[in-house]
Amino acid sequence: MERLLDKTKKFLFAKQTSIFTSTLLISSMIVIARFFGFIRDRVLTGFFSKGELDIYYAAFRIPDLIFEILITGALTTSFIPFFIRYQKNKEQQNVNVSTIINVIILFLVVMVILLAFFMPHLMFLITPGFNKEKTMAITQYSQLLLIGQLPFLVMGNLLTGISQAKKRFLIPAFAPILYNLAIIVTTLFFYHSVGLMAPIFGVMAGAAIFFVIQLPILLSSEYQYQFVIRRTKVIWEFFRTAIPRIFTVVIAQIDATIDLTLATLLGDGSYTIFYLAQRLQLLPVSVIGIAFGQASLPYLSEIYQEKRIDDFKKIIIDSILNIFFFVIPIAAFFMFARTPLVRFFYGGQQFDWTATVQTAITLSYFTISLPFHSIYYFLTRCFYALFDSKTPFYISLFCILINASLSLSFILLFKLPVWSLAISFSSSMTLNVIILLAVLHRRLGGLNMRGLFGEMIKISAATLLASIPTYYLQKLLDGLIFDTSRTINVVLLLVTSGFCYFLLYLLLSWIFNVREIYVLTTMTLKMREYKQKIMEIYSSLS
């Protein structure tokens, strides 16, 4: 038993040694978490109508705004670099990090109280297309989420930041799985009796589990939390670094709120269609782009602080190409397999054919910017490693204004359907990434852009040549071989066409000598390494 506990502890708190292994671990756990997330969405679309789901998804808008300000704004921008900077001086680290955490929690408490009180007025303002009963229901659920979900998620993500700063990624990656599982279980068992309150209760329970499961991180981090707030130069430096990113998040959340407001004007279920299409395109972004971004920041911070600029520039190009190697073919597959994908992930009994088609069209427009969206998180963290959060802020502000302007024009002026909001997003995201990369290229005295574009052309060519025959194969299989009126046959269609597509893509990548294909070899070796560690734990148990 002691050997079992010792090996399990070493496995759970193992420190990763490279960006690739960290990304692989995070990506694997995100895949599992997203799998449960899509089971959750499938359950919801099976039990609740589009109109009911409008209420459920809209209820998260205000709580998500506060969460993004505190976590995406403050935590991901400056917390990890500052934690790393002072990890050699434990006394300073304990005081400074505790002060940052306490200020964040204090701000959270104030905002929860204020927003819970003013929520009815806010909801009537941002959901003008919903009737009074619908808006009141959204208000009630939002207040519950503010009190019962948000504090646990914020504190849980603070623990996640500490763990990632120590390059330990397993427990934080496992926590979202339990979060989604709690929502699924409560919905299945209680939707008959309490309706939409069932998944709301699940969200609150899942958030509490999300926090509690990460508490052991404090015991292994050598960091000691203190109930203090000290006014020091370090704290002012932290918030000077974080404020531009916080403003960026605020503007982005205002833009997301505008999308909600415009979607409510397009009829019943429009916001659900927009939300679900956006979630589906976020799958590869999360598994590859966000995972790479989370894993890269500790390493980028260390390399830059050690003045290894050439290594820093090489990591940027290599990382972008690694992301593109996986994401560009996935984007193409999402484009030509959009309808079967939507049917597989969201084809519940309450999700009709009209909703499926509209979601598929919206997904295809989101997919246009998928490769750029995936490297966005990595590029912003390159700036954060330079302790520069102002540049991404100014660029994001400019692009978000373009997004909002396009969205308002498409809906209010040209009267276009909900998929036009996806066009606005893709246009602004693509522009954002192009500007970020250009500024980073100039800031670092030049990146290997010729090598970047050369490999991108080869990856794109392999993707295009693999997509054309696979598209016609899918058309041939749909109806002639597989009766896709049944979900199991939709799965078989996606598996068959997807297998042929990615096999052909890998063959063409090898023919075109795409050097990123050798990443798969490293990935296989690392997966075997993790499998061996798990088997050692199992052997100790038996």
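Which are the buried residues of helix H3?

1. The buried residues of H3 are Lys50, Gly51, Leu53, Asp54, Ile55, Tyr56, Tyr57 and Ala58, where buried means under 20% relative accessible area, exposed means over 50% and partly exposed lies in between, for a 1.4 Å probe and protein chains only. Since H3 covers residues 50-58 and eight of its nine residues are buried, it is largely enclosed by the rest of the structure. Helices here are DSSP runs of H or I with at least four residues, strands are runs of E with at least two, and both are numbered from the N terminus.

2. A word on the basis of this note: this is a predicted model, in which local features need pLDDT of at least 70 and side-chain atom pairs count only at pLDDT 80 or more, while totals for chains, interfaces and linings use all residues. Residues are numbered from 1 along each chain as its sequence is written, and side-chain values use heavy atoms, with hydrogens and water left out.

3. Helix H6 (residues 132-148) has 17 residues and reaches 24 Å from its first C-alpha to its last, close to the 24 Å expected at 1.5 Å a residue; the expected span is 1.5 Å times one less than the number of residues. The N-terminal end of H6 is capped by Asn131, which has a side-chain oxygen 3.3 Å from the backbone nitrogen of Glu133. A polar contact is a pair of N or O atoms within 3.5 Å; within protein, one must be able to donate a hydrogen and the other to accept it, and residues adjacent in sequence count only if both atoms are side-chain atoms.

4. Helix H15 (residues 353-367) can be read in a similar way: its 15 residues should span 21 Å at 1.5 Å a residue, and its end C-alpha atoms are 21 Å apart, which agrees. Asp352 caps the N-terminal end of H15, with a side-chain oxygen 3.4 Å from the backbone nitrogen of Thr354. Among the buried residues of H15 are Ala355, Thr359, Leu363 and Phe366.

5. Helix H17 (residues 390-413) and helix H18 (residues 419-443) pack at an angle of about 160 degrees, with their axes 9 Å apart. That makes H17 roughly antiparallel to H18, a term for angles over 145 degrees, whereas those under 35 count as roughly parallel, 65 to 115 as roughly perpendicular and the rest as oblique. The residues of the contact of H17 with H18 divide into 15 nonpolar, nine polar and one charged.

6. Lys415 lies in the loop between H17 and H18, and its phi is near 55 degrees, a positive value in a residue other than glycine. At 65% relative accessibility, Lys415 counts as exposed. Phe387, in the loop between helix H16 (370-385) and H17, has a positive phi of about 60 degrees although it is not a glycine, and at 23% relative accessibility Phe387 counts as partly exposed.

7. Lys166, found in the loop between H7 and helix H8 (170-194), is buried, with a relative accessible area of 12%. Lys166 and Glu222 are 56 residues apart in sequence and 9.8 Å apart in space, C-alpha to C-alpha.

Conventions:
Axes are lines fitted to C-alpha atoms, for helices over the stretch in contact, and angles run from 0 to 180 degrees between N-to-C directions. Ala, Val, Leu, Ile, Met, Phe, Trp, Tyr, Cys and Pro count as nonpolar, Asp, Glu, Lys and Arg as charged, and the others, Gly among them, as polar.
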